[in-house]
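This report goes through one structure part by part. Please keep the sequence and the model in view while reading.

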There are 2 protein chains.
Amino acid sequence: MNSIPEKTIGRLSLYRRLLNRLRAEDKTHLYSYELATLAGGTPARVRRDLMAIGYNGNPAHGYEVEGLIESLGHFLDTPQGQPVVLVGIGNLGRAILSFFTGRRPRLYIVAAFDSDPAKVNRVIHGCRCYPMQELPETVRGKGITVGIICVPAGEAQPVAEQLAAAGVRGILNFAPVRLHLPGNIYVEDMDMTMALEKVAYFAARKPNNVPGK
Amino acid sequence: MNSIPEKTIGRLSLYRRLLNRLRAEDKTHLYSYELATLAGGTPARVRRDLMAIGYNGNPAHGYEVEGLIESLGHFLDTPQGQPVVLVGIGNLGRAILSFFTGRRPRLYIVAAFDSDPAKVNRVIHGCRCYPMQELPETVRGKGITVGIICVPAGEAQPVAEQLAAAGVRGILNFAPVRLHLPGNIYVEDMDMTMALEKVAYFAARKPNNVPGK
DNA sequence: TTAACATTGTGAAATAAATCACAACTAATT
DNA sequence: AATTAGTTGTGATTTATTTCACAATGTTAA
């Protein structure tokens, strides 16, 4: 069966962000090659990606910014929005809190958790911090489906299991370990060490060994 | 010509990290299926990846931990090590500084830059902060090839161009924009917004739509 | 009207990556 | 020695993703 490529999902989110910027600049239409340039890809790939959501452009004016944004929202968002929890209020956790705070209307961090009593009950970047013990009840009670893990490597696996047990269905994992969870939980790893080593590898090789992306 | 898949590079770095942990636990040998479990993959993929660096195991004992770590180092590292610069000392920049500080011997942040005079000349997480004006001279002078960008979206493109002009060959980009640089510069995007939206998308769908990774 | 133009949508081809599947191998056991 | 058990290395295959290439289309201008 023809399902949507995983990579397309990420790019659709990127397209929407770019389009929102263009809309703010009062742009009403654009062509696949313009979006491709902004997103760092090819026009053909943009068209393929947009095929996935069934939004049709027009050979004369390309795509309508407003309509495409709406279609993307229809495809990517759930009608009721998705609250998110974050676990681990260290340096990275706080930076991520500040990064996401107030930015996305349909995807916002509603609670943060940490096992350190010293961090609990404070409000950081507009987000209330709770002790780990309250995680299951909060997640289950609010029907939260998305979690962000920013705890040290050694604590990530048990934290992930707690999130999964409480009903979370997708995890953004910043801890530098691979999580072992049931296959119906989606995990996206943000492994900064791995990313930096990859960059270092290609930075040190000849230009012809640098993949184009 | 059969060059090494890009994804393999990242995984080799992951394997090394896992192996270092195993070595610390005095494990001397392991099989592909063990490494696969730890890394979250299949044994066949592990073997394929290790083919790339030409390290041979043995059907009876699998791979020798010590020797494999050495081979990976030989493949991934440059003999002289690679100093790294970071640009943008906001919340995220500081978190990344603390994350990488002291961790990697051959890949360490030697200088941080920011355009805000208030942040300059301080030492944060053991790393000295300099004004942006000194970036070209420092990067060129020390022969730095790797940069990390943690500036706000609007400043990322000019910062990337400055890094490239100063001789940087690979960039780890945390700013939520796509950089436009000559093709011989390797860019790895760590787009947290995109990643979170992807997680949210799959968290909201049926289990059978969740890709296995 | 009609012709020219640049773009869309998409089948087909190409490329990249993962997986299958099995001969060859090593050590342990008989 | 010969047999067994379990793993490696890899050619072949499959799956995923990207790119090619072109008929169909909407608009502009003659």
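## The nonpolar core

A nonpolar core is here a set of buried Ala, Val, Leu, Ile, Met, Phe, Trp, Tyr and Cys residues that are joined through C-beta atoms within 7 Å. The model is a predicted one, and the largest core of this kind in it has 124 residues. Among those 124 residues, the members that touch the most other members are A:Leu86, A:Ile149 and A:Val199 together with B:Leu86, B:Ile149 and B:Val199.

The surroundings of A:Leu86 can be listed by name: with residues up to four places away in sequence left out, A:Leu86 touches A:Gly93, A:Ile96, A:Leu97, A:Ile109, A:Ala112, A:Ile148 and A:Cys150.

## How the two chains meet

In the contact between the protein chains, 52 residues of chain A meet 52 residues of chain B. On the chain A side, at least two residues each come from helix H1 (6-24), helix H2 (32-39), helix H5 (91-100), strand S8 (170-173), strand S9 (186-189) and helix H8 (192-204). The most is given by H8(A), which supplies 13 residues to this side. Sorted by class, the side of chain A that touches chain B holds 29 nonpolar, 15 polar and eight charged residues.

## The surface near DNA strand C

Around DNA strand C there are 24 residues, of which A:Asn56, A:Pro59, B:Pro5, B:Pro59 and B:Ala60 come nearest. The elements that give two or more residues to this surface are helix H3 (43-53) of chain A and, in chain B, helix H1 (6-24) and helix H3 (43-53). The largest share, six residues, comes from H3(A). By class, the residues of the surface near DNA strand C divide into 10 nonpolar, eight polar and six charged.

## The sheet of chain B

In chain B, seven strands form an open sheet of mixed pairing, and their order is S5-S6-S4-S3-S7-S8-S9. Strand S5 (123-124) and strand S9 (186-189) of chain B stand at the edges with a single partner strand each, so one side of each is left without a neighbour in the sheet.

Strand S8 (residues 170-173) of chain B runs parallel to S9(B) and is joined to it by four bridges, and B:Ile171 stands opposite B:Val187 in S9(B).

Helix H5 (residues 91-100) of chain B is largely enclosed by the rest of the structure, because seven of its 10 residues are buried. The buried residues of H5(B) are B:Leu92, B:Gly93, B:Arg94, B:Ala95, B:Ile96, B:Leu97 and B:Phe100. H5(B) is followed by B:Gly102, which has a positive phi, near 75°.

In chain A, A:Ala164 lies in helix H7 (residues 153-166), and A:Ala164 is partly exposed, with 19 other C-beta atoms within 10 Å. Residues up to four places away in sequence aside, A:Ala164 touches A:Leu181, A:Pro182 and A:Ile185. In sequence A:Ala164 and A:Pro182 are 18 residues apart, while their C-alpha atoms are 8.5 Å apart in space.

Conventions
Residues are numbered from 1 along each chain as its sequence is written. Chains are lettered from A and ligands numbered from 1 in the order in which they are written. This is a predicted model: local features need pLDDT of at least 70, side-chain atom pairs count only at pLDDT 80 or more; totals for chains, interfaces and linings use all residues. A residue is buried if 20 or more other C-beta atoms lie within 10 Å of its own, exposed if 12 or fewer, and partly exposed in between; C-beta atoms are placed from the backbone. Two residues are in contact if their C-beta atoms, placed from the backbone, lie within 7 Å. A residue is near a molecule or strand if its C-beta atom, placed from the backbone, lies within 6 Å of it. Ala, Val, Leu, Ile, Met, Phe, Trp, Tyr, Cys and Pro count as nonpolar, Asp, Glu, Lys and Arg as charged, and the others, Gly among them, as polar. Two strands pair if DSSP finds at least two bridges between them.
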